[in-house]
Amino acid sequence: HLQRNKVERTVPLVHAIHSVDSYRLLSALEAHGQPVRAYLEVNCSGEAAKGGFPPSEAPALAKAIAGLAHVRVMG
């Protein structure tokens, strides 16, 4: 899990982020301004103890992704 306060120092060192689990993290990656590949984490089981986007947010998530200039969602 990447924390938002670690985006600045992490993005230049990696090829992709494999655990984008919130709009806040997606926004922080976008605001960083450097191109980055990202994989979204979806909580299909609905378990509260697990992170990730709930499947019900897929339509809103698709709209948010369409507006990104720096984050390339890979999966």
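Glu47 is partly exposed, with a relative accessible area of 38%. On this scale, buried means under 20% relative accessible area, exposed means over 50%, and partly exposed is what lies in between (1.4 Å probe, protein chains only). The model is a predicted one, in which local features need pLDDT of at least 70 and side-chain atom pairs count only at pLDDT 80 or more, while totals for chains, interfaces and linings use all residues. Residues are numbered from 1 along each chain as its sequence is written, and side-chain values use heavy atoms, with hydrogens and water left out.

Glu47 sits in the loop between β2 and α3, and its side chain meets that of Lys50 in a salt bridge, at 3.5 Å from N to O. A salt bridge here is a side-chain nitrogen of Lys or Arg within 4 Å of a carboxyl oxygen of Asp or Glu. Side chains of opposite charge can pair when their charged atoms come close. Lys50 is partly exposed as well, with a relative accessible area of 47%. Over the protein, the mean positions of the 8 positive and 6 negative charges lie 4 Å apart. For that count, Lys and Arg are positive and Asp and Glu negative, with His and the chain ends not counted; each charge is placed at NZ of Lys, CZ of Arg, CG of Asp or CD of Glu.

Now for the overall layout. The protein has three helices and three strands, and along the sequence they follow the pattern α-β-α-β-α-β. Both kinds of element are DSSP runs numbered from the N terminus: helices are H or I with at least four residues, strands are E with at least two. A compact globule of 75 residues would have a radius of gyration near 11 Å, and the protein, at 12 Å, agrees with that. The radius is taken over C-alpha atoms, and the globule rule is 2.2 Å times the number of residues to the power 0.38. Along its principal axes, the C-alpha trace spans about 35 × 25 × 20 Å. Of the 75 residues, 28% count as buried.

Helix α2 covers residues 23-32, and its buried residues are Leu25, Leu26, Ala28, Leu29, Glu30 and His32. An α-helix has 3.6 residues a turn, so residues three or four places apart point the same way. The cover over the buried residues of α2 includes α1 (7-10), β1 (16-20), β2 (36-40), α3 (58-66) and β3 (71-73). After α2 comes Gly33, with a positive phi near 85 degrees.

In helix α3 we find Ile65, which is partly exposed at a relative accessible area of 24%. Leaving aside residues up to four places away in sequence, Ile65 touches Leu40 and Val73, where a contact means heavy atoms within 4.5 Å. Ile65 and Tyr23 are 42 residues apart in sequence, and their C-alpha atoms are 9.8 Å apart in space. Across the protein, 42% of contacts between residues at least 6 apart in sequence join residues at least 24 apart.

Back in the loop between β2 and α3, Ser56 can be found. Ser56 is exposed, with a relative accessible area of 65%. Ser56 and Glu8 are 48 residues apart in sequence and 30 Å apart in space, C-alpha to C-alpha. For Glu47 and Leu2, 45 residues apart along the chain, the C-alpha separation is 20 Å.
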